[in-house]
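Colleague: I would like to learn how to read side-chain pairing and helix packing in a model. Where do we begin?

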Amino acid sequence: MKFFLDTANLAQIKEANELGILDGVTTNPSLMAKEGVKGQAAVMNHYKTICEMVNGDISAEVISTDFNGIIEEGKKLAAIHKNIVVKVPMIKDGVKAMKWFTDHGIRTNCTLVFSAGQAILCAKAGAAYVSPFIGRIDDSGWDGVLLVEQIVKIYKAQGFKTQILAASIRNPNHIIRCAEAGAHVCTSPLESILGLLKHPLTDIGLAKFLEDAKKTA
Ligand code: G3P
């Protein structure tokens, strides 16, 4: 399973990249706004900076919701760098636009996916990635990872090539369960990735080894 970072924060991207386990980055308009990136030129420049920092796919989201707008915006985003994947919302014009992008060699990531039916549409439109939103499903009282399991099953049965990118990750257990379910990619906040490191027995064991090492010095 690939590890993507779900952020537009350059310091966090640098930190994850330096760990050596970063395979890509996903962003969205909320994450860009959180970093104070304002204006189309600044947004485009921010994507370019991320592409230059990370050797992997970088999802850049369109904010248009009509077919022509999505196409024009997506073409501009895709022109920034070869690793840009155009992130398109799961709406009717979005599906139509994803098929257009597929036919014209531009890779897409379908965002705001909350059901197996939506995931089937992504695959039919030739999306490179489908992004089921795990945490937001959990927030509404369901189990988001069950959706990942269902999509894995359907894609296997149908031979769909779209990669399952588990998004809206909130904790390390989400990452573990998505890996178990067979997600191809997990996009997480840095905190959830670093949470995978933690175990009290590791800390206790290391403290003991270091203490005993003093006896051998
Ligand atoms: O980038 C899409 C997704 O990961 C958003 O996550 O935490 O806002 O539900 P969240």
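Modeller: Begin with exposure. Buried means under 20% relative accessible area, exposed means over 50%, and partly exposed lies in between. Keep in mind that this model is predicted.

Colleague: Which class does Arg107 fall into, buried, partly exposed or exposed?

Modeller: Arg107 has a relative accessible area of 33%, so it is partly exposed.

Colleague: And how do I read a salt bridge?

Modeller: Side chains of opposite charge can pair when their charged atoms come close. Here Arg107 pairs with Asp57, with 2.7 Å between the closest N and O atoms. Arg107 sits in the loop between helix H5 and strand S5, and Asp57 in strand S3, so the bridge ties together parts 50 residues apart in sequence. Asp57 is buried, at 13%.

Colleague: What does Lys87 pair with?

Modeller: Lys87 forms a salt bridge with Glu61, the closest N and O atoms being 3.8 Å apart. Lys87 is in strand S4 and Glu61 in strand S3, so parts 26 residues apart in sequence are tied together. Lys87 is buried at 4% relative accessibility. Glu61 is buried too, at 14%.

Colleague: How many salt bridges are there?

Modeller: The count is 11.

Colleague: Now helix packing. At what angle do H3 and H4 pack?

Modeller: Two packed helices are described by the angle between their axes and the distance between the axes. For H3 and H4 the angle is about 40°, and the axes are 9 Å apart. The helices are therefore oblique to each other. H3 passes H4 in a right-handed crossing. H3 contributes Gln40, Met44, Tyr47 and Lys48 to the contact, and H4 contributes Lys76, Leu77 and Ile80. By class, that contact has four nonpolar, one polar and two charged residues.

Note on methods. Residues are numbered from 1 along each chain as its sequence is written. This is a predicted model: local features need pLDDT of at least 70, side-chain atom pairs count only at pLDDT 80 or more; totals for chains, interfaces and linings use all residues. Side-chain values use heavy atoms; hydrogens and water are left out. Axes are lines fitted to C-alpha atoms, for helices over the stretch in contact, and angles run from 0 to 180 degrees between N-to-C directions. Helices (H or I, at least four residues) and strands (E, at least two) are DSSP runs, numbered from the N terminus. Angles under 35 degrees count as roughly parallel, over 145 as roughly antiparallel, 65 to 115 as roughly perpendicular and the rest as oblique. A crossing is left-handed if the near helix is turned anticlockwise from the far one by less than a right angle, and right-handed if clockwise. Contact means heavy atoms within 4.5 Å. Ala, Val, Leu, Ile, Met, Phe, Trp, Tyr, Cys and Pro count as nonpolar, Asp, Glu, Lys and Arg as charged, and the others, Gly among them, as polar. A salt bridge is a side-chain nitrogen of Lys or Arg within 4 Å of a carboxyl oxygen of Asp or Glu. Buried means under 20% relative accessible area, exposed over 50%, partly exposed in between (1.4 Å probe, protein chains only).
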